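Please examine the sequence and the structure shown below before reading the report.

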Amino acid sequence: MGPVLILYYSRHGATASLARAIALGVEATGATARLRTVPPLVTIEENNAPPVEPESGPPYVTLQDLKECSALALGSPTRFGNMAAALKHFLDSTSSLWLDGALINKPACVFTSSSSMHGGQESTLLSMMLPLLHHGMVICGLPYSEPALHSTTEGGTPYGPTHVALSQHSNQLTQTEKQLCIAQGKRLATLAASLNQGNVV
């Protein structure tokens, strides 16, 4: 089975924290998590050249990362109820994979962060699902069998894990948010393994 690709854009670190917690869940199943990010659009527009790899953290994603993955977790901060432009810009470059059907039947999940409780988290998650559905991916949400979904007063939705930074702009996940991220990572990797073996869970 190929790695589970955890692809995200993070401006202030909150979405990156979600990505790392999802990776914990993926790796708890014995699967390999591959963390990748996308360059900010400013870098692309100013240089008009391929961006230089970041000095720290995950490298920038390539189309090959998507081809090789067995599953995808896609994350972005909310931008007016939608995904960040940098992530959308990368997804717009994946037409060759769509033409080849490279992502068909691979499971995928989505995650997001916002600075307020009603900052457009659910619409952002839904908007990120749209290109994945066009690629033929299998959307993997968070079922209400996860007890934390019933009790959360922080982040966390059935559409995917979330983080609420509130006014402190905190990048640190609450225990509930981290628990839901780990559960999502486990579910995504388990589904990927099952599909890889030709089984349905």
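## Basis of the description

The model is predicted, so local features are reported only at pLDDT of at least 70 and side-chain atom pairs only at pLDDT 80 or more, while totals for chains, interfaces and linings use all residues. Residues are numbered from 1 along each chain as its sequence is written, and side-chain values use heavy atoms, with hydrogens and water left out.

Helices (DSSP runs of H or I, at least four residues) and strands (DSSP runs of E, at least two) are numbered from the N terminus. A residue is called buried under 20% relative accessible area, exposed over 50%, and partly exposed in between, using a 1.4 Å probe and protein chains only.

## The largest pocket

Rolling a probe the size of a water molecule over the atoms shows where empty space is left. On a 1 Å grid over the protein atoms alone, a pocket is an open set of points with protein on both sides within 12 Å along at least five of seven lines; a cavity is a set of points where a 1.4 Å probe fits but cannot get out; and lining residues have an atom within 4 Å of a point. Grid points are joined across faces, edges and corners, and a volume is the space filled by probe spheres set on the points.

The largest pocket holds about 260 Å³ of space. Its lining comprises 16 residues, and those nearest the centre are H12, P77, R79, S114 and S115. Helix α1 (14–28) and strand β4 (107–114) each contribute at least two lining residues. The lining has three nonpolar, 11 polar and two charged residues, where Ala, Val, Leu, Ile, Met, Phe, Trp, Tyr, Cys and Pro count as nonpolar, Asp, Glu, Lys and Arg as charged, and the others, Gly among them, as polar.

## The cavity

There is one cavity of 30 Å³ or more in the structure. The largest cavity has a volume of about 40 Å³. Around this cavity stand L66, L72, L91, T94, L103, L132 and H135. Five of these lining residues are nonpolar, two are polar and none is charged.

S113 belongs to strand β4. With a relative accessibility of 6%, S113 is classed as buried. Its side chain makes a polar contact of 2.8 Å with the side chain of T15; such a contact is a pair of N or O atoms within 3.5 Å, of which, within protein, one must be able to donate a hydrogen and the other to accept it, and residues adjacent in sequence count only if both atoms are side-chain atoms. Beyond residues up to four places away in sequence, S113 is in contact (heavy atoms within 4.5 Å) with A14, T15, L18, S76, P77, T78, Q121 and H163.

K106 is found in the loop between α5 (95–100) and β4. It is buried, because its relative accessibility is 13%. The side chain of K106 comes to 3.2 Å from the backbone oxygen of L66. Apart from neighbours within four places in sequence, K106 touches L66, K67, E68, C69, S70, M137 and V138. M137 is 31 residues from K106 along the chain, and their C-alpha atoms lie 5.0 Å apart.

## A network of salt bridges

Side chains of opposite charge can pair when their charged atoms come close. Four salt bridges are counted, a salt bridge being a side-chain nitrogen of Lys or Arg within 4 Å of a carboxyl oxygen of Asp or Glu. R34 and D65 form a salt bridge with an N to O distance of 3.0 Å. This pair joins distant parts of the chain, since R34 is in strand β2 (residues 33–37) and D65 in helix α3 (residues 63–68), 31 residues apart. D65 is buried, at 7% relative accessible area.

R34 also pairs with E68, with the closest N and O atoms 2.8 Å apart. E68 is partly exposed, at 37% relative accessible area. A further salt bridge, at 3.3 Å from N to O, connects R36 and D65. R36 is buried, with 17% relative accessibility. Together, R34, R36, D65 and E68 are linked in a network.

## Helix α6

Which residues of helix α6 (residues 121–134) are buried? They are Q121, T124, L125, S127, M128, M129 and L132. Their cover includes β3 (71–77), α4 (85–91), β4, β5 (138–139) and β6 (162–164). Just after α6, G136 adopts a positive phi of about 80°.
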